[in-house]
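I opened a new page for this chain.

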Amino acid sequence: MSEDNGGASSSEPWAIGIEEEYLLFDADGGGLRSDSEAVRAAVAARTGTEIDPELLQSQVEVATGVHATIDAAGAELGELRRTVAAGAEAAGCRLVAAGSHPTARWRDQQVTDRERYHGLADTGGPVARETMVCGLH
């Protein structure tokens, strides 16, 4: 039986890249903080690494490069996590890899001020605005 490799022929090597989204928690109170820009700036100032915003200003996202092994992708993801956690700490936040926040109210969250995210919030309606989730893909 052959292994499913996403449609690639069995002679082609497979590759993997990982994207992970994080919530920004207040270091003292545990609520969400809309400090994506401050965290992104702190990471860039410390390391020169650019990290991505997400739909909400209380989220950030990282993405590894494309790797030939899971171990290599995992190693890069670990380094990205450490880098972004240090940037979050510098901005007074805690970085949390969680599916969602247990008590945050969606009405209190601010959409990241980018055309793409405003478009998602507008066209996605309640699903986009009211579903405060983070993913690992």
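My entries follow, from the whole chain down to single residues.

**Ground rules.** I am reading a predicted model, where local features need pLDDT of at least 70, side-chain atom pairs count only at pLDDT 80 or more, and totals for chains, interfaces and linings use all residues. Residues are numbered from 1 along each chain as its sequence is written, and side-chain values use heavy atoms, with hydrogens and water left out.

**Whole chain.** I counted elements first. The chain has 3 helices and 4 strands. Here helices (H or I, at least four residues) and strands (E, at least two) are DSSP runs, numbered from the N terminus. Read from the N terminus, the order is β-α-β-β-α-β-α. I then looked up the extent: the C-alpha atoms fill a box of roughly 50 × 35 × 30 Å along the principal axes.

Next came burial. Of the 137 residues, 33% are buried. Buried means under 20% relative accessible area, exposed over 50%, and partly exposed in between (1.4 Å probe, protein chains only). I also checked contacts, meaning heavy atoms within 4.5 Å. Among contacts between residues at least 6 apart in sequence, 71% join residues at least 24 apart.

**Sheet.** In which order do the 4 strands lie in the open sheet? I found β2-β3-β1-β4, with antiparallel pairing. Two strands count as paired if DSSP finds at least two bridges between them. The edge strands are β2 (52–53) and β4 (93–96), and each of them pairs on one side only.

I followed β1 next. It is joined to β3 by 5 bridges and to β4 by 4 bridges. On the β3 side, E21 has E61 as its bridge partner. On the β4 side, L24 is partnered with L95, and F25 stands opposite R94. Why is β1 described as largely enclosed by the rest of the structure? Because 6 of its 8 residues are buried.

**Nonpolar cores.** A nonpolar core is a set of buried Ala, Val, Leu, Ile, Met, Phe, Trp, Tyr and Cys residues joined through side-chain atoms within 4.5 Å. The largest one holds 15 residues, and L24, V39, I51, V60, V62 and V84 touch the most other members. Two or more residues come from each of β1 (19–26), α1 (36–47), β3 (59–63) and α2 (70–90). The largest share, 5 residues, is from α2.

Another core lies apart from that one; it has 8 residues, among them F25, L32, M132 and C134.

I then listed the neighbours of V62. Leaving out residues up to four places away in sequence, V62 touches I18, E19, E20, Y22, I51, L77, L80 and V84.

I picked V96, which lies in strand β4. Is V96 buried or partly exposed? V96 is partly exposed, because its relative accessible area is 23%. Its contacts, not counting residues up to four places away in sequence, are Y22, L23 and F25. I also checked V96 against T123. The two are 27 residues apart in sequence and 28 Å apart in space, C-alpha to C-alpha.
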